[in-house]
Amino acid sequence: MKYSVLLTSLLALTLTACSVQQELKNEVVKAETSNVSASNKFKKPNIVFIAIDDMNDWVGYMGGHPQAMTPNMDKLANEGVAFMNAHSVAPGCSPSRNALLYGIEPYHSGLYPFYEFDLHKQLKQKYTSLPTLLKSNGYNTYGAGKIHHGKEYGETEWTDYLDADHQPKAFAKDKGFSTNKKNSFRPTTNPYEEMFDHQVASYGINVIKNKQKNDKPYFAAIGLVKPHLPFDCPVEFYDALPENITPPALLESDLNDIGKEGNSMRRAGDDKRFTAKNQWGDVRKAYLSCIAWADYNVGRILDAVENSPEADNTVVILWSDHGFHLGEKKSFKKFTLWEEANRVPFIIHDRREKETEQGRKVTQAVTLINVYRTLAEMAGIKAPDYVDGNSLVPQLLNQSSPVLAPAIASWGRGNYAVRTENWRFIQYFDGDQELYNHQNDNNEWHNLAKLPEYKAKVEELSALLPKNEAPTVEEYISQWSIFGADKARLKNDSAKQSKKQNKKTKKNKKNKVQ
Ligand SMILES: [Ca+2]
């Protein structure tokens, strides 16, 4: 019996007492969950885990940009369940991926900012990463490209890993522009096979194709790096876009109601530079072309899944680590608690389901913290007790099943955003607040937090913020990425340290001379 049918027929019973109804609903959710787990005990699904770097909502099915070219992600969204209101745990690769892969919120781990790659040595002692969990519970785990923020290819996590080659790039003449190697917005002319993401996708495709009947199920983690900077990809994807790129909706006075901390997160200098030289069109075109290129590689992976002998026992999950501003709120890049830096594509297609409705969407707000428990449940494995978030299996079965974990993002200790179906509330460490109503202001232009008529809403959403915060982990920290309550102190410490270091160096030099 299909779970949704079971749910519908049970709920259709005439029940007078609400509490009885709720009790029954809980029972059904419990039954659904245990049914899924029980069947998976005997047959674990293969998992194709597509991680995308810096892709915002400028994809077709999300409606973020009218010129997006993403037929493959649109198809996946239509076949699976699309989380339309999905958000990163933190708007930066390092904290976002640490949260997702170790299954812990920054305010519980203290991993708010970026870290040097060596940090993983201690994280692996302390936590069980998702690939480690799967590998030690009956999976072959394969990885390629960018999964962790950091080169983590050890055998506790991976059966095998491909760190693809970055080949020298050749650029098309007179198209786009670049200011340096990273800030480059030029299409390339290299053969596709030379491109990093093509190699990464091909590795995943081989895993999918070569799965033998008696092999363990696989977890294929395929980490595509585009549309991350530099925005360069094969010129065909650039040329397929129109000459004139539609700019996002902008409001000149947008920032008048933003406080100090919110403003300090923006990359205002970049915005000014692109605006002054009229370069935003090229930047946005190059970004959209890289999204189209990522989508092309996603399509190659999805074709391989569809044509594989175990297509019917495969779960495909696609997510991006965070969003990206391309001029909205006069900002470039990520690292803010606003919608554009946080909203992400997030789709799960459980191909074990038969005859499902097309175009199923979850509109409730979720973050990627829920990925860990969701995949653990789908694989019939118990997640470690410390793991945050909730399994989204109930939402895959019934899109209106209530999401239990609040959708919270953080950027620096003390800076949080709470997203609900219709609202975004931001609380900065210095007490500043922002409130946006997405029902009539999805550009987040009008900060309502200070208006007396929204006092109750602010109180309601404040109550969802974390009650306790873990102190920031300071070892291996990347200084540039510290925001929030620790910024002043850690900057001061680091200034003192470098002063001390300079003194020491001078003294050593003096001794040598003597
Ligand atoms: Ca505003």
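Residues are numbered from 1 along each chain as its sequence is written. Because the model is predicted, local features need pLDDT of at least 70 and side-chain atom pairs count only at pLDDT 80 or more, while totals for chains, interfaces and linings use all residues.

I begin with the eight-stranded sheet. It is open, with the order β5-β4-β6-β1-β7-β10-β2-β11 and mixed pairing. Strands here are DSSP runs of E with at least two residues, helices are runs of H or I with at least four, and both are numbered from the N terminus; two strands pair if DSSP finds at least two bridges between them. At the edges stand β5 (160–162) and β11 (360–362); each has a single partner strand, so one side of each is left without a neighbour in the sheet. Direction ignored, neighbouring strands are turned by 15 degrees against each other on average. Within this sheet, β1 (residues 46–52) and β7 (residues 314–320) run parallel and are joined by seven bridges. N46 stands opposite T314 in β7.

Helix α12 packs on this sheet and touches β1, β6 and β7, its direction making about 175 degrees with that of β1. Contact requires C-beta atoms, placed from the backbone, within 7 Å; angles run from 0 to 180 degrees between N-to-C directions of axes fitted to C-alpha atoms, for helices over the stretch in contact.

What span should the 27 residues of α12 have? At 1.5 Å a residue, residues 280–306 should span 39 Å, and the end C-alpha atoms are 38 Å apart, which agrees. The expected span is 1.5 Å times one less than the number of residues. Of the 27 residues in α12, 21 are buried, that is, with 20 or more other C-beta atoms within 10 Å of their own.

The largest nonpolar core has 129 residues, and those with the most contacts inside it include F49, I50, I222 and I301. Such a core is a set of buried Ala, Val, Leu, Ile, Met, Phe, Trp, Tyr and Cys residues joined through C-beta atoms within 7 Å. Helix α12 gives the most to this core, with 15 residues. Among the residues that I50 touches are I222, V298, I301 and I317.

Four strands form an open, antiparallel sheet in the order β13-β14-β15-β16. Its edge strands are β13 (407–410) and β16 (433–437). Five bridges join β15 (residues 423–427) to β16, and I426 stands opposite E434. Helix α16 (residues 455–462) lies across β14, β15 and β16, at about 75 degrees to β15.

Technical notes: Two residues are in contact if their C-beta atoms, placed from the backbone, lie within 7 Å. A residue is buried if 20 or more other C-beta atoms lie within 10 Å of its own, exposed if 12 or fewer, and partly exposed in between; C-beta atoms are placed from the backbone. Lists of a residue's contacts leave out its neighbours within four places in sequence.
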